[in-house]
Amino acid sequence: MNFSLVSGDASRLKGEVLVLPLFESDLSDRRKAPDALLRADRKLKGLLVKSARAEGFRGKSDQLFAMHTQGRVAAGKVILVGLGERAKFEPEVLRLAAGKAVKAANKMRAKSAVFWLPTTRDFQQCVKAAVEGLSLGAYRFERYRTTNKEERAAPRVERVQLLLPPGQEKDQAVQQAVELGQRVAEATNWARDLVNEPAAALTPARLAEEARQAAEAAELKISVGGRKEIESLKMGLFLGVSQGSGQEPKLIHLSYTPKDPDAAKLPPLALVGKAITFDSGGLSLKTADSMVDMKTDMAGAAAVLGAMRVVGALKPPFPVHALMGACENMPSGTAYRPGDVLTSRLGKTVEVTNTDAEGRLVLADMLAYACELKPSAIVDVATLTGACIIALGHFIAGAFGEDDQVVWSLIEAARAAGEEVWRMPVSQLQKEALRSEVADLKNSGERWGAAINAALFLKEFVGETPWVHLDIAGPSQSPKERGYLNKGATGIGVRTLVELIRRRSDAVEGPEAPEPEPKMKPAGKKATRAAARGA
Ligand code: BES
Ligand code: MN
Ligand code: ZN
């Protein structure tokens, strides 16, 4: 999608559709109505507002109203999309509305659109949100469809003119917001493709190949190891999980190093992504129903890889590493068995009590390996537990960790990026759940608090390194169409990780432009230069 920045009279700008996002108060009180709406309405002899009202459009956040302009306005159609109450507004509301509007414009077969941006607080964040909402909302995965060719060949919105208040179209910060929004959306749609791709196509080797291409495009270093390398690194947990599959496991390691030699010496940020390309459960086989969506079990890796694509452009003033242990979890004559004892890279031994608790095993070896890089913090992103879906549903990710500063900074970044994350406990009260009779640990305990047990297991492998574990089992897939989401992969995590890295960059360099205070206060102290160095 191509964006250009313009200013001027909304009713005179040519485009197939004109999108006007409106607050409830814009319609209820004519004195509060924005100029863009008034001008279009005047040219339509008052019929725009009148018809919208007659159709029940009140500017509520899930509402949309579309109308032909019969040539009275330069744009062929007007789409009004609701933003709800102004007092409750945040950029995510605009992101969702933009996604909804672009879906409607695509159904109208429009190729070009004018998107008017309402004046709001956090204007740059809103510009970024609008660009993301438009690009994410236009996403579809139809590589495997052969029917309905006509529908698929139909025109889509390709060009968008962002209509800004006068002067803003030349503002550098606004231009940067557009560019970042485009990069983030492109990376998110790419992550969605990886998740939506069937497991037969997206094997560990193919994931490694995709990572290689992404690394080249983003000018990052990459190394990919096969079984031999994984063996020589003594990653016994990773090897155990992968041994039932005919697909060779791949250890994928991307790294970004800043050009400035001083910055290159700072402790890195380490990202770890769960990369099970298919999770059958192994010998502790899943049911037919619960296996259907298990190509999604590499969504954590997709998020990490998506974020790394943006890191190349963001150029943070500290190194960033991404680690993924990619493999399938399959039952077979060579599969690991319940009762097997595996030795991790860290040296700790694990009794396998359930082969379906495979994610934590692979992650444990990746986390231990990440710690060897002496990072300032580790963030892991994983579709780890069904229990987290039970707890938080399909729209909210769980954040686990004991370092308040790192956990809250991630939650704040998620909030700013429009991804919902809720803090979950890593409670020692449940430690017995992982006690084994034969080994240092077992990999699965009772079902109560199973998302916490998984986090407790991971914790055994990070030592003192500040660490956050993001369980995205729920929001990795959207069960319904909503705003900029379609059914299927969401690409969750990309926006949060990018925003986190952007904020950590600001903490080291000082922000380029003063940002308004976030709504939610962190429990810990603010990130500082010292914190970024890991002090
Ligand atoms: N990949 C699953 C978790 C999952 C479930 C992700 C649904 C996305 C949607 C994970 O490997 C798993 O099987 N977890 C088990 C753990 C249990 C055996 C301790 C679970 O949550 O049931
Ligand atoms: Mn599993
Ligand atoms: Zn899994």
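1. Donors here are N, O and S atoms within 2.8 Å of the metal (3.2 Å for Na, K and Ca), and as water is not among the atoms, sites may look incomplete. With that in mind, the manganese ion (ligand 2) and the zinc ion (ligand 3) lie 3.1 Å apart, with D279 coordinating both.

2. A word on the source: this is a predicted model, where local features need pLDDT of at least 70 and side-chain atom pairs count only at pLDDT 80 or more. Residues are numbered from 1 along each chain as its sequence is written, and side-chain values use heavy atoms, leaving out hydrogens and water.

3. Which protein atoms hold the manganese ion (ligand 2)? They are D279 (OD), D356 (O), D356 (OD) and E358 (OE), at 2.1 to 2.2 Å from the ion. Along the chain, the donors follow the spacing D-x76-D-x1-E. D279 sits in strand β9 (residues 269-279) and E358 in the loop between β12 (349-351) and α14 (359-371), so this pair, 79 residues apart, links distant parts of the chain. Strands are DSSP runs of E, at least two residues long, and helices are runs of H or I, at least four, numbered from the N terminus.

4. D279 and E358 are both buried, meaning under 20% relative accessible area (1.4 Å probe, protein chains only).

5. Moving to strand β8 (residues 250-256), we find K250. Is K250 buried or exposed? K250 counts as buried because its relative accessibility is 16%. Among the residues K250 touches are P204, V224, F238 and M324, not counting residues up to four places away in sequence; contact means heavy atoms within 4.5 Å.

Technical notes
Chains are lettered from A and ligands numbered from 1 in the order in which they are written. Buried means under 20% relative accessible area, exposed over 50%, partly exposed in between (1.4 Å probe, protein chains only).
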